[in-house]
Amino acid sequence: MSPYYHTFALFILLLSLPSFPARILQQNDPLTELTADIQNNTWHAFVKFLDAGKGTQVTGMSELKKYFQRFGYLSIPDQNFTDFFDQDLESAVLSYQKNLGLTVTGKLDDETMNEIMLPRCGMSDAAHDHTHSSSLLHTTKNYAYFYGRPRWTKSSPMMLTYSFSPNSMIDYIDASEIRSVFKRSFSRWSSAIPVNFTEADNYSTADIKIGFYNGDHGDGEPFDGVLGVLAHAFSPENGRFHLDAAETWAVDFDDQRSRVAVDLESVATHEIGHVLGLAHSKVKDAVMYPSLSPRTKKRDLKLDDVEGVQALYGSNPNFKYTSSLEHDMSSSKRRTSSLKWTPFFGMVALVFSLCL
Ligand SMILES: [Zn+2]
Ligand SMILES: [Zn+2]
């Protein structure tokens, strides 16, 4: 057996190994930009934990532990949280990174810290059942449901009513504009599933009750002022849908120039996903991903959102894949096929080298 054949086989084997994209360093440090631009008293102080490693102690780290506990990554301790970077915190960081599709390092690196400091939805990331990869389609699904997979169970054709709180609204955006924002947000979901939404006048009997609230508003999930937590909504068939009244809500960023403006339609579309029974997705582009940067729009459902909600309610018979969803689908297939072929070529090379 010539040594050249081994070299050749090794070469093929190396070619077939999965490659990982190199980390792209941004010219402007996102941490600096975020903290310089936005005075979010909620989480910007966490920047001091950047690169803190296991075994170290940094004053205030108990606050970071409270953050992880709040979003489902740490259980409540018997005593108060300490400022010590312990094993439990490392496990929390690892599962946070895994859950949010970040590079899994177990360290408070810049990607992780940047994500932690972003404004986000108040719903926990942990209270859900993940749907794992389907062997039939060879695709990995990243959407998730709440425990027990709750959904609305009205008879079909399903009609859900929504209404705005008569006392808890914001006054700097016209009521008619807010109503059209929500109408568009609901219609995105109803185009995917056989569920219709209509606005009702009677708030007390509506299935979905929408309102803007400040701080502690009686449901055990107080809002925290500008940025931080933006909104939350309860799983089926509760219907409560709350937005933080302290945010600078925007319908159009050309009209609302504030640096801390948050796109109302993006948040509305996300929270409706929770109202329907979807939990947080680990797909960064998905509407159901938990964070949303200020002055950013994320309104269109992605394939992951559509597949998740259709698995709960079935497909709207008139549902059509838009060109952006088709693009989403083909790139997910491309990823899958390259993953499938990589071990195949590896095996061929191995068998080839053994036969020589
Ligand atoms: Zn959410
Ligand atoms: Zn609430």
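This is a predicted model: local features need pLDDT of at least 70, side-chain atom pairs count only at pLDDT 80 or more; totals for chains, interfaces and linings use all residues.

Me: OK, and which residues touch the most other members of the largest nonpolar core?
Reply: Leu230, Val267 and Leu278 do, in a core of 49 residues. Helix α7 (residues 264-276) is the biggest contributor, giving six residues.

Me: What does the second, separate core include?
Reply: That one has 17 residues, among them Leu74, Phe85, Tyr96 and Leu100.

Me: Switching to the sheet. In what order do the five strands come?
Reply: The order is β4-β3-β5-β7-β6, in an open sheet with mixed pairing. β4 (195-199) and β6 (231-233) are the edge strands; each has a single partner strand, so one side of each has no neighbour in the sheet. On average, neighbouring strands are turned by 20 degrees against each other, ignoring direction.

Me: How many bridges hold β3 and β5 together?
Reply: Three, between β3 (residues 158-164) and β5 (residues 208-213), in the parallel sense. Tyrosine 162, for example, has isoleucine 208 in β5 as its bridge partner.

Me: Which helix lies across that part?
Reply: Helix α6 (residues 175-190) lies across β3, β4 and β5, and runs at about 170 degrees to β4.

Me: And β7, why is it largely enclosed?
Reply: Because four of the five residues of β7 (residues 240-244) are buried. β7 runs parallel to β5, with five bridges joining them, whereas β6 and β7 pair in the antiparallel sense over three bridges.

Me: What about the hairpin of β6 and β7, which residue takes a positive phi?
Reply: Glycine 239, with phi near 85 degrees; the hairpin has six residues between the strands.

Me: Last one, aspartate 263. Buried or exposed?
Reply: Aspartate 263 is buried, because 24 other C-beta atoms lie within 10 Å and the cut-off for buried is 20 or more. It's in strand β9 (residues 261-263).

Me: What does aspartate 263 touch?
Reply: Not counting residues up to four places away in sequence, aspartate 263 touches Ala250, Thr296 and Lys297. Threonine 248 is 15 residues from aspartate 263 in sequence, and their C-alpha atoms are 8.8 Å apart.

Key:
Residues are numbered from 1 along each chain as its sequence is written. Chains are lettered from A and ligands numbered from 1 in the order in which they are written. A nonpolar core is a set of buried Ala, Val, Leu, Ile, Met, Phe, Trp, Tyr and Cys residues joined through C-beta atoms within 7 Å. A residue is buried if 20 or more other C-beta atoms lie within 10 Å of its own, exposed if 12 or fewer, and partly exposed in between; C-beta atoms are placed from the backbone. Helices (H or I, at least four residues) and strands (E, at least two) are DSSP runs, numbered from the N terminus. Two residues are in contact if their C-beta atoms, placed from the backbone, lie within 7 Å. Two strands pair if DSSP finds at least two bridges between them. Axes are lines fitted to C-alpha atoms, for helices over the stretch in contact, and angles run from 0 to 180 degrees between N-to-C directions.
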